[in-house]
Structures are given as C-alpha cells and as structure tokens.
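Here is a friendly walk through one protein model, from the overall fold down to single residues. Please keep the structure in view while you read.

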Amino acid sequence: GATQYLSHTSISVPTTYSMGAWTNYTTTPTSGTKKEVVDIGTGAVGGNGQYAILGIFANYGGTYNINGTAGQTPDGSKYQCWAYSTAFYVAQSSAAITASQWHHQVCTLDSTGLKLYVDGQLAATNTGITALATTPTTVVIGRSLSGVTPGYWDGKADEVFLDATIL
C-alpha cells in the first residue's frame, strides 16, 4: 500500500555496509518529493536522523554534493543513494530510471567512498564521504525515517538487504 512500511530498531549498522534491493518504480517523483526504498539512521520513525538512504529525491530541499561536486540539485529521474557525515553526499546515476521494469540497486560505503550500482554495473561514486556520522540503530523499508516528509516508496521492492560487508 501507499502508506505501508517496515521498521526495526535496536540494530547495529556498521560504518562499512552494503544495502540494496530489486526495485520496480511505479513513477519517478515530482519536484520536491522523495521516494525511499531503504533508510537507516537513528531515532524513531517520524523523527529526524537519516544517515543512509537508497531511493530517489526530486529537487528536494536544496543543493548537495552529488558525485563529488558540491551545490548540485538531485535529479529525481536518476537512481540515487545518499549518506551523511557532516552533510549529505549523493551518488547519482547518469542513466534515467526505467519505470515499470525491475532493476537491482546496491549502495555501498567504505573507506573508498559511496558507490551506487545498478544492475551489477557501477553507476556513480562520491569520494567525499568514507564513513557515517554516527552508528545507525534503525532501519526502515518502504518510507523515510524522517517525519518531515514520509517519502513512502512508490513501486515494488524485493530482496531488500543490509549487510556489514561490501558486496
């Protein structure tokens, strides 16, 4: 459903991780929206404390460091993964999302940076971040951890995972 999601608290997410899912986007977001498959962070759902996101944002709330370039606006028609240290860093694909088709998205973070893979191919890298600001304790599947704008997932997802290794 449009407002259904899964959350789990009291987990220990490592600073090096891989997260991903098979995704099938119903639509791409319109300007000022976000759609999140997986969100990890601190605190309860509806609070504020996002630290890593696999999803898409469309011109959402300002400018960010995208693929190593500061001051960029997210493009909601592209695949994205986000991570936070002192600011949000984004790895954004150059290829557009193909709605109504299944694709495999994986986001990794380690000492070499934030990487986004789509269908097994490296789609984007951001070396501006190599670790999260804090250790996340909550994972949410199907919406944003933030209560400001829930960012419910708009599509299908399968085999969602979070792993302590770089796959």
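Among contacts in the protein between residues at least 6 apart in sequence, 66% join residues at least 24 apart; a contact here means heavy atoms within 4.5 Å. You are looking at a predicted model, in which local features need pLDDT of at least 70 and side-chain atom pairs count only at pLDDT 80 or more, while totals for chains, interfaces and linings use all residues. Residues are numbered from 1 along each chain as its sequence is written, and side-chain values use heavy atoms, with hydrogens and water left out.

**The overall picture**

The protein has 13 strands and 0 helices. Both kinds of element are DSSP runs numbered from the N terminus: helices are H or I runs of at least four residues, and strands are E runs of at least two. Of the 167 residues, 44% count as buried. Buried stands for under 20% relative accessible area, exposed for over 50%, and partly exposed for what is in between, with a 1.4 Å probe and protein chains only. The protein exposes about 7,100 Å², and 50% of that is supplied by carbon and sulfur atoms. Such areas come from the Shrake-Rupley method with a 1.4 Å probe, and for residues only the protein chains shown count as cover.

**The nonpolar cores**

In soluble globular proteins, nonpolar side chains tend to be buried together. A nonpolar core is a set of buried Ala, Val, Leu, Ile, Met, Phe, Trp, Tyr and Cys residues joined through side-chain atoms within 4.5 Å. Which residues have the most contacts inside the largest nonpolar core? They are Y17, L114 and L116, in a core of 29 residues. Two or more residues each are given to this core by β2 (17-25), β3 (33-41), β4 (50-58), β7 (78-84), β8 (88-96), β9 (103-110) and β10 (113-118). Another core, of 6 residues, lies apart from it and includes F57, Y64, I66 and W82.

**Buried residues in strands**

S18 lies in strand β2 and counts as buried because its relative accessibility is 0%. Its side chain reaches the backbone oxygen of T165 at 2.6 Å. Leaving aside neighbours within four places in sequence, S18 is in contact with several residues, among them C107, T108, F161 and L167.

A124 has its place in strand β11, and with 6% relative accessibility A124 counts as buried. Beyond its neighbours within four places in sequence, A124 is in contact with N67, A91, Q92, S93, L114, K115 and L116.

K78 is in strand β7. Its relative accessible area is 17%, so K78 is buried. Apart from neighbours within four places in sequence, the contacts of K78 include I56, Q92, S94 and I97.

| Pair | Residues apart along the chain | C-alpha separation |
|---|---|---|
| S12 and V139 | 127 residues | 9.6 Å |
| A124 and I66 | 58 residues | 9.3 Å |
| K78 and S94 | 16 residues | 6.7 Å |

**Residues in loops**

S12 sits in the loop between β1 (6-9) and β2. Is S12 buried or exposed? S12 counts as exposed because its relative accessibility is 66%. Setting aside its neighbours within four places in sequence, S12 is in contact with T135 and P136.

Most residues other than glycine have a negative phi. S100 is not a glycine, yet its phi is positive, at about 65°. S100 is found in the loop between β8 and β9, and at 55% relative accessibility S100 counts as exposed. D119 also has a positive phi, near 55°, and is a residue other than glycine. D119 lies in the loop between β10 and β11 (121-126), where its 39% relative accessibility makes D119 partly exposed.

R143 is in the loop between β12 (138-141) and β13 (155-163). R143 is buried yet has no salt bridge, and D39, the nearest side chain of opposite charge, is 7.3 Å away. A salt bridge is a side-chain nitrogen of Lys or Arg within 4 Å of a carboxyl oxygen of Asp or Glu. For charge, Lys and Arg count as positive and Asp and Glu as negative, while His and the chain ends are not counted. The side chains of R143 and Y152 are joined by a polar contact of 3.4 Å. A polar contact is a pair of N or O atoms within 3.5 Å; within protein, one must be able to donate a hydrogen and the other to accept it, and residues adjacent in sequence count only if both atoms are side-chain atoms.
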